[in-house]
Structures are given as C-alpha cells and as structure tokens.
Amino acid sequence: MRKITLLLLICSCFTVRAYTQNKTITGSVVDTSEKKTLTNTVISILRKADSVLVGFARSDKAGNFTLKKIPVGKSIILISHPAYGDYVDEVEITATSPVDLGKIFMTQKSQLLQEYVVSNASPIRIKGDTTEYKADSFYLKAGSTVEDLLKKLPGIQVDRNGKITAQGEAVQKVLVDGEEFFSDDPTIVTQNMLSDAIDKVQVYDKKSDQATFTGVDDGVKNKTIDLKLKENRKKGYFGKVEAGTDAHQFWNNSVMLNAFKGKRKLSGFGIMSNTGKTGLNWQESNSYGGSSGMEMYDDGGGTMYFSSGGGDDFGGSSFYGEGLPKSWNAGALYSNKWDNDKVSLNTGYQYRKLNTQARGLTQSKYILPDTLYYINDNGNSYSSRIRNSLNGTYEYQIDSSSSLKLTAQAYTGKSVNMNNSYSESLDEFGKFVNTSNRKTSSEADNKSINSSLVYRKKLKKIGRTISLNLSQNYTETESDGYLNAEYKYFDEAGMVKQSETTDQAKLNSNIRSTFSGRAVYTEPLSKRAILEFNYSLNNSLGRSGITTLEKGSGGAKYETVIDSLSNNYSLNVLTNSAGLNYRYAKPKKINFSFGGNISRADFMRKDIKADSSVAYNFINFFPRANVNLTLPNGANIYFNYNGYTRAPSIDQIQPIKDNSDLLNQRIGNPDLKQSFRQQFNLSYNSYKLLSQRGLYTSFNFSTVNNDFSTINFVDQLGRRISQPVNVQGNRSLGFYGGYSKKMKKPNLMISMDANMSSNRNAGFINSLKNINKSFNAGIGPRFVVAKDKKYDFTYRPQVNFTKSVSSIRPDEPTQYFTQEHFVYASVFLPLKLEFVTDCTFSLRQKTDAFDKNTNVTKWNARLDKKFLKKDAAILRLAAFDILDQNIGFQRNVNSNFISERTYDTFRRYFMLSIIWNFNKSGVPQQQ
Amino acid sequence: MNLKLIMLVLLVSFTTCSFAQTGGVPQFISKGKIEYERKTNQHAFMDENNPWDAMMKKNLPKFVTYYFDLDFDKSHSVYKPGREPEQRQNKYWGIFDADNIISTDLDSNMSITQKSIYGDTYLISDTVRKIDWKISTEIRKIAGFDCRKAVGKVMDSIIVIAFYTDEILATGGPESFAGLPGMILGIAIPRMHTTWYATKLQLVDVSANDLAAPKKGKKYAGNDFRSKLTEILKGWGPDGVRRQWQMML
C-alpha cells in the first residue's frame, strides 16, 4: 500500500503521432534527473476496461521499446522499474494509428521517498502486539458489512475508496480466519461479507514471509487485519423417518434426528426392526451416532496409525448371527466443542434389546484310523438380551504440543438364554453309538465399566514424543442356570448299555478387573530415522465361582450342593513388557522398521475352596519387521514379518471341571510349552490412472513351532475327550491376486480375483498322529457396465474348490466345488422411479458326507418412487427372497472332522416402506 | 547455524541487488535458481460434520509444505520438486497427488511437462497456458523483491493471484504459470487453499543441462491428456473435481 501511495503519475509531455498502419507502440524511457536511458524497464499495456494485460516488453540498452500486436481500444500504459516510481497513463490505440510514445521520464524512488510522511497513532495494545476487538460489542444495523464494522472500531479508518488504515498505517492484508486468500475475490472481503459472521477483529504486524521463514527479522512488517469468524453460524437440523411393514409379521421402523448449533450437536434415534437391522449403520452413525471408536495417532515420525476400539457382538448395525432377530434400539447423544476446538466433549446413552429365535442342524463326519463316525446335532434356541449403556469422551488440547483424552464407558445388561438340542453319534454303518438330549437355560446380569486416559506430548525436537496411557476395565457377570440332560450309550446290537441323566442348577459368578499402563518414547536419530521405546505393565485380577446344586431326595427344589462340581477360583496375571523399534522413512522411496517386544507374564490361580494354588510364568517374544518399497514405476512392494510366542492358557494346563456336556470333555496338560508363530507377507500393488488398470497381489506364509493342538480320545462309549498338546510343522500358505481394467468400448469394467490357500495341520486321534492337508482355490471375474444416474449392471461369478486329506485315512479325501453367481441390475426409469434387483445362485456340490441338496437361488427386488422437493421422500416396494429358498449354510473342513450346518434365516417377505429425509440448514449464505 | 548464516548472506545479496535505489543501475537478473514453498491448508478440505474428517483434522497439521526449484535463464525455465521438507508432511488423502517437472520455452511459449500420477509417468507437450492477467497497483515484497499483483483465471473458473517482479528478466513462474512481464514469485489459488511463495533466489550459473526438458513418460498432447483425465475423474465425485484441478495445474 505504501508503494501505492508512491504511485506517481508523471505528466510528462508526450505526443501521439501516427506514422504507419501497424498496431505497434514504440518509445523510450529516460531518467528524469540524470537523463540517462533505462535498460530492462518493463512496459505493460493493460486493457482500460478491466486492466487485463494485453502485451509487454522490456526496454533495450538504449532505453527503446517496441510493443507488437497490441489490440485497438482504450488502454493503460504501465511502466515500471525497480528503482523508479511507476509511470501510468492512458493511451488510445486505433486501428490505423501506431503509437510512438516518445521519451518517457521516470523518477527515482529515493527522491520520492523524501516526500513520504509516516504518521503515528497510539495503538491500543491488548495481547502482545495484537489488538483485538470483539465484534458484537459494537452496535451495527442488520445487514451491515465488515467494512461498516471496521469503520466503528477505534483506531481504524476506512476511506471512501475502501482503503483501510489501522493505527495510522495502511492495512496491507485482510485475512479471514488466518487465511489471506479466503475467497476467489480477495479484494472485496470487507465489502461483501456480513458483519454478523465476525466474532473478533484482530490487528497486528505480520512479519514478512521471509522473516518468518529465516527467523531473521528483516524489519519489514505489514499491518494486518484478521477477521475471526463466529463458530455458531451454523444452526439447523436434519433427520430421517423410515416406516416399513408387510402388514403381517415384518416391520422395520426408525426415526433419527440431529439438531446442531455451531459445534454443539444433539441427536437421538430409535429403531425397531425384525428384518435384521440392529443399530446405526456407518453412514447413520456419522450423522446421528457418537464416535465410531476409531482412534488415530502418529508415531512421532509422521506416520499415521489407526486403531479401532472394538465394540462387542452386541454393537453392530445389522444381524449376522443365526436365526430370526427382533431388535429395539434407542439412543441420545450430546457433543460440543469449546475454546477454539481445544476442549471437546462427547457423551451418549443407548438402549438395546435383541431377541433371537434360532433353529439349526449340524451334520459332522469324524475320520478315525479304522472307521468313520457321524454326529448329527439338531437344536433350537431362544435368547433375549437387554443393555443400557453410557459413554463419554473428553478431549483437551492443552497446547500445540500436548493433549489429554479421557474416555469412559459403562453398561448394565440382562440376558436370558434357552437351548434344546438332540444329538446322535452313528458309526460307519449308521448304527447308534450314543445319543444325548440336553436342555439348558440361564438368566444373567452383567455390568461393565472401563475407562482410559491418554496423554501425548511432542517435545521441542521434531520427532521426540512421549505418550502415556492408563486404562482400567471391569466386568461382572452373575448367572443362574439349569441343566437337564439325558445320555444313552448303545452296544453292538443297538441296545442301550448305559444311560446317565443330569438335573442340576448352576450358579455362576465371574468378575474380572484389569489395570494397565503404557509409556512410549520416540527419539529422532536423524531426519529420517526414529527409535521408539515402549514399556507397559498390565495387571488383571479375576475371580470365578460356580455352585452346582441338585434336587434333594424327593424334593422339588435344587438345594443340595454337589461339591465336586462347585468351585471358586481366583486368577491373577501380571504382565511386564518392554520393546524397542527402529523406523526409517524416505518419502516416495522406502520405509522400513524392525524391532520387537519382550514380555514376562506371571500367572497365579488360587483354588479358594481347596486353599491351593498353581503359579507359573512365561517369557514371550514379539519380533517384527516390515519394508515398504516404492518402485520408480509407482508400484508398491510391501514385506512384513511378525513373530510372537503365545503362552498356554491356565485352562489348557489345568481346566476346571465342567459337566455341561458329557460327550465332550476336556483334560489339562501341565507339560504344555509356549507356541511360536511366524508370519510372512509379501505384496505388490500397482495402479495406472489414465488406463484405469489395477493389479494387486499378495502372498502370505505362516509357520508355528509347538502349536497347540488337541489329542482326541474317542472312548468306548463314543465320548470325545480332548487334551491340549504341542505339535510341530503346522503351516499355511496363501495367495491372492486381483486385476481390474476399464475397457474403452464397450463401457465395461472387468476385474478378476483369484485366491488359493493350503494348510497343513497336525493333530491326534486316539493317540495316533494325524496330519490334515487342505487346499482351497477360488476364482471370480466381475463385469460392470454402469452409467451414472442411468443404469448399473453387474455380473460376478465365483467358483471355489476345496480338498482335504487326512494322513490316517488318505483313502477318504473330501473334495467339492461350490459356485456362486451374483447378478445385479439397477435402472433409473421415468417418473422418478428406480428399479433394483439382484439374484444370487448358490450351487454346492454334494459329497459322500453331505448328500443333502443345499442349492439356493436368492432373488431380491425393489422399486423406489421418489417424490417431494429435492426427492426428499421415497416410497419403496421391496421383495426379499422371492423364490422362498433361502437357508443358512456353513461347511467346515477341519483336521479330522468335516461338518455342515444349516439353520433358519430370513425367508420370503414383501415390504412397503416410506423413507423421508428432512433438513433445515441454518448456514448463512456467503454473499 | 550454518544455514542461517547462508540465509543471511543471501539476504544481504538480495538487498544489494533489489534495493539498489540509491542511484546507479539496478542489477537485472537473467539466470538463477528460485526456491518456492508450496503451502496447502488441508483443513479447509475437511468437513467438520464428518467424524472421519473431524478426526483427520485433529491429527493432521493445518498446512502441508513442500519445496520446488525453478532453474531459469532468459528464455527457458525448468520447475521441479526441490529439497525435502524438514519435517515429514502428513498429507490428507488426495492433495496434490501429481508430481511435475515442467520445462517451459518462454520464447516459443511451449512447455513439456513430465507428470507422475500414482507412479505412472506422462510426458505432455503443450503451449503455455494463456491467461488474461488483470494487473493491479498492489506491490508486495517476496523474497526481498518488489512484486506486483496480477489476477487471472484458469480452467474456466479458478481464480489465480500472482505476484511478479520486474527485476528478473525471465517471464516464467512456478508450475505452469508464466506470461507476466517478469518472474512470478508468488501464486495463490483460493479455491485450492494453496500458495506458492519464493523463499530464496540463488544467483548461480544455470547450465543447459539444468534446463534440459524431461524425456520420460508416455507421450500426450495437452488437450488429449486433459480430456482423458476429465473423463476418468468424472466418476470420482466432488473429490474428483478437486483432484482434476490439481492434476491439470
């Protein structure tokens, strides 16, 4: 601005003379005082109407210049030279008259400067060198602009041309929230923005960019005004209502609302559904729910990490279990931020209830050295769970280098479970070996509270950081249950040779409380390398007790304690862990890290009733390394190694006696060693933007020393007794590859996925070692033809092959193919109609063990009609499983048994729904 | 310490060449090396009401800063990535994914750009972008030079604010910006929340080797490349529009 005040219009005597027919401007520049010619002076021609640059030239050694191809019309000539004041004048260029401007005299800035007077006004200082005005304390009419506001502020003047002077100096920059180039038109911020959007006006001297950069104060300071925007400018609400029914037995209803004012957010929702919706999905959770439990942190060296604080199986958005669920869900959330977002609070309450009715059949085939064995299990169950939960997160950004975060969650819940099952074991020839009929029921109360405190601090040296984490976790479960079972064992002739019945009540109580602390320190070794130290201490105290009661002689009440089946244990685990990691990163080239942790775990289990205890400890190792290489062609190669030892659990060493299933019993193994697992992963990814080709491959290999397996004794009565043992040589190998490519004509996206895995698993059967080798391979192309807002067709077939051979019966391999064909189509129709349909054909090859037909064609379709302004409402007619063929299906191929499970799941239903999205957004329009 | 000393020396040398107002003929610079600092306010791209973005905002710094070098003589310039930033820059997804080496022939107004996007390299020959610059009276000091402000528009609607200095004879600038009566030492693009500012100028001898055009990459003509990129990014939503602007700079 100072320079602008220096802008000098020299009215020197020049004349416009016409020589030839060219649109060319010529002339020369000369110093006023020294009368010498000026080389390299810039002569620019601007269009007068909008000051757009239409041509420029520099003067030659003699000070002469020639501007060619200058369009006709009114123009401005601007002549500038670093040491001279600007020369500006108007020139009219006509089609017929080339212009010679003759000699133009320039005046040195040093002479001009003498005439420049700096006026001084006494500034109002509030914080350091910053003067701050609170905008609301100055009365203004509605609709006033920022300029009107500035005029009211003491110490600030705005002249008729909009030029601002603060504290006697011309204001060089007007920033909005610290950003100079806030809008596309930076010059008119003050005249076009409404004053009620402004919270504070700050006036300060901004050092030059160079001084800021070098730290060397060059004395250049610019008077700057920074307009801080109000935070609560945004005010409004949005929400969603959905109601759906088949007018018979299915319903799916929900209401969601979020009202916001600035940073404050208040939201609530209610959902009731028996079509599988059990909570907010990802999108809804973003709008109406609390924090997603996702955590993000950086390692001090600039690499970002994500971790998700896992909820439990009761927190999902849709039902994945077996059976038919009915769910009720309601919640409320409050969140706010204060003090420039430095402090934030997020709290919520949620009620959940889920009732599930299920029925299923499992058929299993056991492979014994000399024979085969079949078990069929048929059962049904009912469960009801209720939970009330509260959660809160408080975050405090103490200063730019340190932060504190406190989170707490608590819930209380009730659950009821009922199970009836009938199971039969058959020998190779289909004759009964044993049968069981079991009925269990239980009612449980549970409580939990957990909290954590995280403190992070960045120290002065870049890359040097400290983080501390303290956490606590407490859970308590009390349950009362009943067990009724009848077991029958058969002889060769098919006659019952022995039978047992159980009729007991069981009172369980389980408490676990954990405290842990972790400290991490990172030290930069160089710009690229970082060393990380970590230490953690974890103490877990648990107590579990079970009291088994049976009916007294002749009585109907369960009152006699069965001593052998009642117990009271405490389990304490103390873990100390220390680790060291080295990380190196060279952007766009290579990233690698290696290191590991070593930890000692001390276990102590006390039998409180018998006053005895078992104590043992293990030292565990966790080595790891990874390399990420970016090739010159942009492809990425990633290698990862991970090793960890795992100590056997105390239950594997010495289990607590349990009679809930007499046909499956466990015994302990005090000689069990810890296992050591190593995983290797290698992947290669590349993507080409213009050809839209992607290639993704990955190999993984894992091997385990002293893996835990189980010896299964199948006794004379056909009971399965298992004991954990160590085995050698368990390993698995996997491959995945994917390729996708966009075809130009037709408009087709093709991709191909292939995967393969092979596993070797060692186990025991009747003390005989069995090695099971299994192999899986799958391949599936995918074809997509889509046009935005028009249509989308997808066809995705997938073929899988499974083979499993056990070493004790290599003559009895299991192998089968399964196929799945998925077809999807969506079409936008006139009258705001949209039709979507998909169909999945599942073909499962029958095997000797599984001769049931489990092929299913699942066909769904829906028709949507949009209406209201901005298509805010949708009327939807949907049909699920139109052919009424759906079944729950799962096939397992394990070391020495194969099983197939089918269970009840949703079958055909139709539903008519209305979905309405509404909103009122209070964001004021920026002019 | 050493660095500061060098900066100081550089500063002094700028001062002598640019503040030569006390009479005598100022030294006009016809070749050298300029370092630009590109600063992007990535918080501006994050939506407060999206929990993912809110988390990113909390964890990623407000500005990401990268450095670029421009070697130039009177008629040629080559713009390419410069020194590594002091601190590793944690960049939000999709902010300046393209790396450019741009060589410009300022006499013939032709440029050759080697663009690397997700590792793929393209070699694009094009004419220098024609911009209608509105010249203003505002002068600002950048890296010790008095620079005049000019406002222009690219890609139909993106406003570009440029600051150029008369004291450098070459008419180039950072990225593909050129065509003002001197060297562009500062560029601001509000819509991209990004500025490019020169931090220093070294009066070094620039050889023909330094000014050699890049040669690597799949060859494209400027228009073909742009229409292809537009076509592909059309399906990427509003995010794609932002990337498109950045990739076409």
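1. Some ground rules. Strands here are DSSP runs of E with at least two residues, helices are runs of H or I with at least four, and both are numbered from the N terminus; two strands pair if DSSP finds at least two bridges between them. This is a predicted model, where local features need pLDDT of at least 70, side-chain atom pairs count only at pLDDT 80 or more, and totals for chains, interfaces and linings use all residues. Residues are numbered from 1 along each chain as its sequence is written, with chains lettered from A and ligands numbered from 1 in the order in which they are written.

2. The sheet in chain A. It is open and mixed, with three strands in the order E4-E1-E7. E4 (64-67) and E7 (99-106) of chain A sit at the edges, each pairing on one side only.

3. E1 against E7. In chain A, E1 (residues 25-31) runs parallel to E7, with six bridges between them. Val29(A) faces Ile104(A) across this pair.

4. Gly102(A). This glycine belongs to E7 of chain A, and its C-alpha lies 6.0 Å from that of Ser28(A), although 74 residues separate the two along the chain. Gly102(A) counts as partly exposed because 15 other C-beta atoms lie within 10 Å (buried takes 20 or more, exposed 12 or fewer, with C-beta atoms placed from the backbone).

5. Confidence. The model's ipTM is 0.76 and its pTM 0.75. Chain B averages a pLDDT (the predictor's confidence in each residue, from 0 to 100) of 81, and 88% of its residues score at least 70.
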